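Here's a quick tour of some aromatic and charged side chains. Take a look at the model first, then read on.

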Amino acid sequence: MPERVREPEQDSGDGAEPARGGPLRAFGMAEVYNPSMVPTLQPGDRLVVRYGAVVRPGDVVVLRHPFRQDLLIVKRAVERRDGGWWVRGDNPYVENDSREFGVVPDELVVARAWLRVRPPRGLQRSPRAVASWALSAVRVLSRRLRAR
């Protein structure tokens, strides 16, 4: 299933800033729908992404699927190769990544994930459950390489 990403508004080309956004227009939100990045990301997690950010090996990125460019997917950038990025999911059982479609050209990399926000699962009733969720809900995504 596709990831849901709100892309930044396009510049009109006249040199004027868009009416909305300003410096924050480089940021957006994405929602994870499939298990390809488990255990790092779970279906239902939200990502704060930065458009146009420099990508380094180990970063989690949002990209257009090379065979279906209307489909946005979330993967880990493993290494830079001729022609683009080799990307992998953190889940070794899901192969919808560069093992299937090869190197991803730079122009298909939409954004770099910066922050994961995990929504509450079910109704949190006790203060302890709420505190536990709050401590684990927001996490800066590290570049620690998990993809194999």
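F67 counts as exposed, at 57% relative accessibility, because exposed means over 50% relative accessible area, buried under 20% and partly exposed in between (1.4 Å probe, protein chains only). This is a predicted model, where local features need pLDDT of at least 70, side-chain atom pairs count only at pLDDT 80 or more, and totals for chains, interfaces and linings use all residues. Residues are numbered from 1 along each chain as its sequence is written, and side-chain values use heavy atoms, with hydrogens and water left out.

**Aromatic rings**
- A search of the whole structure turns up 2 aromatic pairs (ring centres of Phe, Tyr or Trp, using the six-membered ring of Trp, within 6.5 Å).
- In one of them, F67 and F101 have ring centres 6.4 Å apart and planes at 85°, so they sit edge-to-face (planes over 60 degrees apart; under 30 is stacked, the rest tilted).
- F101 is buried, with 8% relative accessibility.

**A charge over a ring**
- The charged end of R81 sits over the ring of W86, 4.0 Å from its centre (NZ of Lys or CZ of Arg within 6 Å of the ring centre and within 35 degrees of the ring normal).

**One more tryptophan**
- W114 is partly exposed, with a relative accessible area of 40%.
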